[in-house]
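Please look over the structure below together with this short briefing, which is written for a reader new to protein models.

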Amino acid sequence: MPAKTGGSHSFAAFASMIVATVISKYVWQVAPPFARVSEMAGELLLDVTGVVYPPQFVGSLIIASGLAFVWGVLYHVTRH
């Protein structure tokens, strides 16, 4: 099973990170509320993990997580 789906999942993770970084940089400039959400998420991650994350990184992480979730749902729906 991993031989069949591993490539798709690894490509999804890689593509999500690349696309999320590009989208995040654009959204960061256009939508100030997104910047505030990123800062709040960064503060939450700091409280939970004790590690400081740059707000732009957290914004990319939020978008990448959403893209990966959508990719997984679409993969599951088309596969089953």
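Predicted model: local features only at pLDDT ≥ 70, side-chain atom pairs only at ≥ 80, totals over all residues.

Residues are numbered from 1 along each chain as its sequence is written, and side-chain values use heavy atoms, with hydrogens and water left out.

**Nonpolar patch**
- Phe14, Ile18, Val19, Ile23 and Leu67 form a nonpolar patch on the surface, and together they have about 420 Å² of accessible area (Shrake-Rupley method, 1.4 Å probe, with only the protein chains shown counting as cover for residues).
- Such a patch is made of residues with over 30% relative accessible area and no salt bridge, nonpolar side chains (Val, Leu, Ile, Met, Phe, Trp, Tyr) being joined within 5 Å and like charges within 9 Å.
- Helix H1 (residues 2-30) supplies the largest share of the patch, four residues, where a helix is a DSSP run of H or I with at least four residues, numbered from the N terminus.
- Valine 19 lies in helix H1 and counts as partly exposed because its relative accessibility is 39% (buried is under 20%, exposed over 50%, partly exposed in between).

**Salt bridges**
- A search of the whole structure finds two salt bridges, each defined as a side-chain nitrogen of Lys or Arg within 4 Å of a carboxyl oxygen of Asp or Glu.
- Arginine 36 pairs with glutamate 39, their closest N and O atoms being 3.3 Å apart, and both residues lie in helix H2 (residues 32-49), three residues apart, about one turn of the helix.
- Arginine 36 also meets glutamate 43 in a salt bridge (3.9 Å, N to O), and the shared partners join Arg36, Glu39 and Glu43 into one network.

How values were computed
Helix = DSSP H or I, 4+ residues; strand = E, 2+ residues; numbered from the N terminus. Buried < 20%, exposed > 50% of the residue type's maximum accessible area, 1.4 Å probe, protein only.
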